[in-house]
Number of protein chains: 2
Amino acid sequence: MVTPVIEPVARLIEAFARLPGIGPKTAQRLTYHLLRAPDAEARTLAGALVAVRDQVVFCDRCFNISDQPLCPICRDPGRDETRLCVVEEPLDVLAIERTGEFRGRYHVLHGAISPIDGIGPDRLRVRELLERADQAARNGAPFVEVIMATNPTLEGEATAMYLAERLDSVVGTVSRIARGLPVGGDLEYADEVTLIRSFQGRRAV
Amino acid sequence: MVTPVIEPVARLIEAFARLPGIGPKTAQRLTYHLLRAPDAEARTLAGALVAVRDQVVFCDRCFNISDQPLCPICRDPGRDETRLCVVEEPLDVLAIERTGEFRGRYHVLHGAISPIDGIGPDRLRVRELLERADQAARNGAPFVEVIMATNPTLEGEATAMYLAERLDSVVGTVSRIARGLPVGGDLEYADEVTLIRSFQGRRAV
């Protein structure tokens, strides 16, 4: 039999259930919560969703998220221009920034190389990274160090190795964050102390 | 130090984190997912949120959610007018409807009596339920049965007992769904077979 869920409710449940990690039961609970919550709660969430899509872009230089052509880190003149940290996702930038251990610039790849999933270097911001390193070298100010802070997974390791080979000739040192991170884990969930250890224990590739 | 989260992103993370069961890490993940997902995904969710608040009201008769003054169940002439099922939340109506075991009408209390939380009968749709039963009796068509399908928790039991006493004189029978449901649990999570057992095993209070 057809359950008499009214249409706007069904649509919101469906929209929630499309989010990663939100199952149909949770989607139902969230929907019914918002039905009873103060009107402003649902409207604030709706407004924030639209604003995020209207106002957020990727940084022209490092591909972190930004609300201007250059992100706050690329705009900050106080950051160390000679050190670059390469990460998979914008969330990884956040995690590293929270430690306060790194004061250089970033480059966000938007993924890792994964032949099994059909993700080659051309699907990531790899070309832009290599160009950025080349450009710095041609300007007479090559990166002193490029830190590979991709995840300690098979894909992350492969990506770090791939990039290290290609960057070797145009940068001072390519380093890899230490395996203080639990192998097979996900960088953005690491606690700050583990992340700091990883930064401090980094070694030349 | 201040993490350089840009403002629209921070606002969406905050709005997600205000939802029940969504922690700050999950809120972050959902936000970054929507940044990368097709534009339509965020806008569909935003539209569904606004629509739910603009179009959804509570049924004038049973206080289930509805998109018209009367909900689909109250509008349905094929439902048994003589049997009433009293539940705590609109989600409970959905759970019972999915079993196909009950073909009468509903009354949604919007909570349960809980002195510890300061929730008395006046905070629930209790007055409306008693008036509805009175009205039916005065019209010469009293409810043959009122089934108390509040949760099998302390509060749900107390609510059922409280209502049973007050309804006893104006309805045929007041019954309680069987304790086939695990005590201390939550009705909306019950599997359908357990719910059907509960309906079939109901007894006069």
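This is a predicted model: local features need pLDDT of at least 70, side-chain atom pairs count only at pLDDT 80 or more; totals for chains, interfaces and linings use all residues.
Q: How is chain A divided?
A: Chain A has domain 1, covering 7–55, and domain 2, covering 74–176.

Q: And how far apart do the C-alpha centres of those two domains lie?
A: In chain A, the centres of domain 1 and domain 2 are 35 Å apart.

Q: Switching to pockets. What volume does the largest pocket have?
A: Its volume is about 320 Å³.

Q: How many residues line the largest pocket, and which lie nearest its centre?
A: The lining has 17 residues. Nearest the centre are A:Glu89, A:Leu91 and A:Glu188 from chain A, with B:Arg29 and B:Arg36 from chain B.

Q: Which helices supply at least two residues each to that lining?
A: Helix H5 (90–99) of chain A and helix H2 (24–36) of chain B. The largest share comes from H2(B), with seven residues.

Q: What classes do the lining residues of the largest pocket fall into?
A: Seven are nonpolar, four polar and six charged.

Q: OK, the second largest pocket. How much space lies in it?
A: About 260 Å³. The second largest pocket is lined by 13 residues, and closest to its centre are A:Arg29, A:Arg36, B:Glu89, B:Leu91 and B:Glu188.

Q: Which helices supply at least two residues each there?
A: For the second largest pocket they are helix H2 (24–36) of chain A and helix H5 (90–99) of chain B. H2(A) gives the largest share, four residues.

Q: And the classes in the lining of the second largest pocket?
A: That lining has seven charged, four nonpolar and two polar residues.

Notes: Residues are numbered from 1 along each chain as its sequence is written. Chains are lettered from A and ligands numbered from 1 in the order in which they are written. Side-chain values use heavy atoms; hydrogens and water are left out. Domain bounds come from an automatic or database domain assignment. On a 1 Å grid over the protein atoms alone, a cavity is a set of points where a 1.4 Å probe fits but cannot get out, and a pocket is an open set with protein on both sides within 12 Å along at least five of seven lines; lining residues have an atom within 4 Å of a point. Grid points are joined across faces, edges and corners, and a volume is the space filled by probe spheres set on the points. Ala, Val, Leu, Ile, Met, Phe, Trp, Tyr, Cys and Pro count as nonpolar, Asp, Glu, Lys and Arg as charged, and the others, Gly among them, as polar.
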